[in-house]
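Thanks for coming. Please have the structure open.

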Protein chains: 2
Amino acid sequence: MRIIGKQEIEDIAVGAALLGTGGGGDPYIGKLMALQAIEEYGEITLLDVDEVPDDALVVPSAMMGAPTVMIEKAPSGEEAISAFKNLESYLGKEIYATMPIEAGGLNSMLPLALAARMGIPVVDVDGMGRAFPELQMVTFYLDGVSATPMVIADEKGNTSLLSTINNVWTERIARSATIEMGGSTMTAIYPMTGKNLKDSGIRNILKLEEELGKAIRLAKRNNADPIKEALKCADGFELFRGKVIDVNRKTESGFAKGVATFEGINQYKGETLEVRFQNEHLLAQTDQRLLCVTPDLIAVLDAETGLPVTTEAIRYGARCVIVGIPCDPKWRTEKGIETVGPKYFNYDVDYVPVEELVKKGVKA
Amino acid sequence: MRIIGKQEIEDIAVGAALLGTGGGGDPYIGKLMALQAIEEYGEITLLDVDEVPDDALVVPSAMMGAPTVMIEKAPSGEEAISAFKNLESYLGKEIYATMPIEAGGLNSMLPLALAARMGIPVVDVDGMGRAFPELQMVTFYLDGVSATPMVIADEKGNTSLLSTINNVWTERIARSATIEMGGSTMTAIYPMTGKNLKDSGIRNILKLEEELGKAIRLAKRNNADPIKEALKCADGFELFRGKVIDVNRKTESGFAKGVATFEGINQYKGETLEVRFQNEHLLAQTDQRLLCVTPDLIAVLDAETGLPVTTEAIRYGARCVIVGIPCDPKWRTEKGIETVGPKYFNYDVDYVPVEELVKKGVKA
C-alpha cells in the first residue's frame, strides 16, 4: 500500500500515455482531472493486488469511445460516480476498490480521480498492460470473466445497465449506445473479485507507468536521452525515426481509425513508415519491413522531449521516434493472439514478437 | 373483467392490424403466438381500466424494431419474460398486469401471449389507439410519464436496462441497441400505476379491435361489404380505391420507411395516390388532394376481403381500399400534434382532421 500524490500523478500520466500506444485518451485532460480530485478530496491509496481480499468487489472505471471525441467532451466526474452507484445498487454489494482497465492517458487517470472522490483505494493492476480499442480485449476475458453487469453513463444523465451473453456482445451493444450518447461515455465494467485480479490481472501497471514517466522527467533534468531511458524501463526497442508527412484519420463506428505516415530521418532516411491505428497503434511497417504488430506495443514519441504522442495529436511535420515494447506474455497465447492479434483487425500479417522482428532487420 | 379465448384472439388480431395503420407487426405471427400461449397456459383475463387498483404496477410489453425484420425474426416468448423478470427485480415490486402499448398485429397480441404464459391479466387500454413508430409517441408521454426504467431483451439472451433523462433519449438509445441486437427486440417499458392508466390511457382498445375484426368476419359470412362494416365500427371514411403500382421501401435507422403508390380504380380512375410510411402509414395524398395525415389513422385494406395490409406486405398489383379514421382526441392537442403530427416526420403539411379533409373533397 502506498499513497499517490501530485508528483506521482504527473509521472503516471506520462508513462500511461506511452503504454497507451496512441490511445487511452488525452494525458493532459486525465492528469488535470486526477490532480483536481486530489486537491479537493485528498491523496489516493494504491493497493497491491495481494492486499485485496479474495472476495472483495473491485470495479474498473473507464471512458469508452473515440479519443477524437473525448478531447472535446471531457467527463465531469459525475458520470463515473453515477455508473458506480448504479452498479453497486444492482449488485447489492459495496465496491471495495477501483482500478484502470487499460493503460492510457485518460483511462489510467480516471480511476484515480474517481477513487479520490469516492474515498476508495485503487488497485495497481489492469487488464491490458497497454490500451486496446474494444472492451473484450482484456486478460480477464481470456480467463472467462464476464464484462457485465456493466453500466454506461453519459454526461446528460442517461444510463444503461447491460447484461450480455458474452463480452463480444457487450462490446457491440455498449459501442452502439456510446455512439448514440454522443461518442464517449463513462463505464463501470468487469465487476470482479480480488481473486479474479490475482488470477488474471496484469500487475504493477501503475508502478511501471510511474517509472516510465519519472525516467523521462529525470532524463530531461540530467541531459540524458529520455527515449533511451524510457526504453530501458520498459525493455523496448527503437524502431524508426521520422517526420510525419501524412495523417489519414476518421471517426468511424465509434473509433478513431487511420494511418500516420513518417518519412525516415537520420539512419532511416529513404524509408517510409506507416503506422495503422484504431484508437491505438496496431501495426508499424515500411515498404520492406514489418517493424511491430499488435499485441506488442507501438508508441510514437516526440523526438525532442520523449513525450508520447496520441493518435489524435499526431501532426504534420512532427519529428518522432517510434518504439516497440513486448506485450504481456498473456497476450502471446493462442487465445490472446486470436483476440487482439493482427488478423482480428484485418491486417494480413502473422504475429511475430517485436524482439524477433528487431533481430531480423532494424537498421543500426 | 372478461375472458379472452381463441375466437376473441382471431378477431382482435384483425382489428389490431387495421388500427395498426400498416405497422405494429404482422398479424399472422402475432395471432399464432397468442393462440399457442392460450393452448398451453389457458385463457386470458382482460380487465377494464377501472378494475385496476390505483397503486398496482402495470407494464406494457412490446416489440421494438422494423416490421420488415420482425417477420423474419419472430420472438420466442422467452425474451418478453426475461425483460419482465428483469424489470420486476429492478423495481422490487411484482407486476400486476400487462397491456399493449399500441394497436398492431403483433403488438396487440404479444401482451396476450405474455399474460397467458405469466398467469397475469391484461388491461384493456393502450397508449396510442393506433400504432406509431417511436416510443415517446404515447399518450402517457403527453402527461409526463417516464418510459424508463425500461428493459430491452433480444432472442440471444442479451438485456439492457435503461434509465434516461427523457423519453426522446429513451427512443434514441433503445433504437440503437435494437439495431445492434439485430433489428428487433422485446421491451418492458413505461412501468405505470393503475392511476396512470386511468389518467392517460386510451381505454377499451382491445374491445374496439375485437369489434372491428368481428365486423369484417361477419360481413364475409353475410355477404355484406366488410369495409363498410369496419368503417361503421370505427367512425371512419373511405378515402381512395386503387391498385398498387409502386412500393419504395427501405429499412433505415431501424425503421421500414418508404412510399406506396396506388393508381385509382372505379370513381378514383385517373388519380394517383401516394401513401408515405415510417413503419406506420403517416400521409395519404394525391396530386391535388391531401386525404389524411398523422395522427389520424390511415389503413390500407384488401379490396376483396377487407383485411388490413401491413406496409411490409403491400405488393405490386394488389387492389386496395384506403380508409381514414379520426385519432383519439388526446392527439389533437398542441403537444399531441407536436409529438406525432406531420411536421415531426418532416412532411410539409399542416394537420387537418380527416373529417374536414373528407368534407372538402373526396370524390363521391
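Let me start with two residues: A:Phe140 is buried, and A:Tyr190 is buried as well. Keep in mind that this is a predicted model.

Now the rings in general. A pair of aromatic rings is described by the distance of the centres and the angle of the planes. Searching the whole structure, over all chains, gives 10 aromatic pairs. One of them is formed by A:Phe140 and A:Tyr190, with 6.3 Å centre to centre and 45° between the planes, so this pair counts as tilted. Where in the chain do the two partners sit? A:Phe140 belongs to helix α6 of chain A, residues 139-142. A:Tyr190 is in the loop between β9 (184-188) and β10 (192-193) of chain A. They are 50 residues apart, and the pair links distant parts of the chain.

There is also a cluster: ring pairs connect A:Tyr344, A:Phe345 and A:Tyr347.

Next, lysines over rings. In chain A, A:Lys335 lies over the face of A:Tyr141, 4.7 Å from the ring centre. In chain B, B:Lys335 lies over the face of B:Tyr141, at 4.7 Å from the ring centre.

That brings me to the two chains. Which rotation superposes chain B on chain A? It is one of 180°, with 0.0 Å of shift along its axis, and the RMSD is 0.0 Å. This is the relation of a two-fold axis. Within chain B, B:Leu161 has the C-alpha nearest the axis, at 2.4 Å from it. As for the contact, the same surface serves both copies, as 100% of the contact residues of chain B recur in chain A.

Note on methods:
Residues are numbered from 1 along each chain as its sequence is written. Chains are lettered from A and ligands numbered from 1 in the order in which they are written. This is a predicted model: local features need pLDDT of at least 70, side-chain atom pairs count only at pLDDT 80 or more; totals for chains, interfaces and linings use all residues. Side-chain values use heavy atoms; hydrogens and water are left out. Rings of Phe, Tyr and Trp (its six-membered ring) pair if their centres lie within 6.5 Å; planes under 30 degrees apart count as stacked, over 60 as edge-to-face and the rest as tilted. Helices (H or I, at least four residues) and strands (E, at least two) are DSSP runs, numbered from the N terminus. Buried means under 20% relative accessible area, exposed over 50%, partly exposed in between (1.4 Å probe, protein chains only). A charge sits over a ring if NZ of Lys or CZ of Arg is within 6 Å of the ring centre and within 35 degrees of the ring normal. Copies are superposed by least squares on the C-alpha atoms of residues with pLDDT of at least 70 in both. Contact means heavy atoms within 4.5 Å.
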